[in-house]
Amino acid sequence: MRITPIRREVLDILSKENKPISAKTIKEKFNLLADLSNIYRNLNTLELDRAIGSISFQGIKYYYYSENKNGHFMLCKSCGEIKSFHLCHEHSLQKQLEEQYEYKFTNHNLYFEGYCKVCKDKNYSEEIKKKKK
């Protein structure tokens, strides 16, 4: 894969982020002249070449750069905040799954949905009220 100026800028933007971002957000941060369809094409090429990863939250595709190609994320179901985290048990879980199912994993994505600190009290109490009805 050839690294064009657009691909280089996409990689630069994603490498500076500490969480996955949408193509629209990438476009907003872009310094070069490129339309959204051009950005999507380049994101697709970078993803097919495994230079970046992606994950979908609530029907929207988000892109991220990770040195080890793995992604660990938390998504707030209320405000949409996305946070990245590093899980220290991932290697033992991967090894266990590889042995149990006779797989060899090359990468993984792990994400949890829930409520951030700001939203959890409000939304949690609303969900409990709905379940009691």
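My notes below go through the cysteines and then the pocket.

**Entry 1: the cysteines**

Before anything else, I wrote down that this is a predicted model. How many disulfides does a search of the whole structure find? I got zero.

Next I looked at Cys76, which is in no disulfide. Its nearest cysteine sulfur belongs to Cys79 and sits 3.6 Å away.

Cys79 is in no disulfide either, and the nearest sulfur for it is that of Cys76.

Is Cys76 buried or exposed? I noted it as buried, because its relative accessible area is 2% and buried means under 20%. Cys79 came out as partly exposed, at 48% relative accessibility.

**Entry 2: the largest pocket**

I moved on to the pockets. The largest one has a volume of about 330 Å³. I found 20 residues lining the largest pocket, and those closest to its centre are Tyr65, Ser66, Asn70, Ser84 and His86.

Which elements give two or more residues to this lining? I listed helix H1 (5-16), strand S3 (60-64) and strand S4 (71-76). S4 gives the largest share, with three residues.

Last, I sorted the lining by type. I jotted down seven nonpolar, nine polar and four charged residues for the largest pocket.

Technical notes: Residues are numbered from 1 along each chain as its sequence is written. This is a predicted model: local features need pLDDT of at least 70, side-chain atom pairs count only at pLDDT 80 or more; totals for chains, interfaces and linings use all residues. Side-chain values use heavy atoms; hydrogens and water are left out. A disulfide is a pair of cysteine sulfur atoms within 2.5 Å. Buried means under 20% relative accessible area, exposed over 50%, partly exposed in between (1.4 Å probe, protein chains only). On a 1 Å grid over the protein atoms alone, a cavity is a set of points where a 1.4 Å probe fits but cannot get out, and a pocket is an open set with protein on both sides within 12 Å along at least five of seven lines; lining residues have an atom within 4 Å of a point. Grid points are joined across faces, edges and corners, and a volume is the space filled by probe spheres set on the points. Helices (H or I, at least four residues) and strands (E, at least two) are DSSP runs, numbered from the N terminus. Ala, Val, Leu, Ile, Met, Phe, Trp, Tyr, Cys and Pro count as nonpolar, Asp, Glu, Lys and Arg as charged, and the others, Gly among them, as polar.
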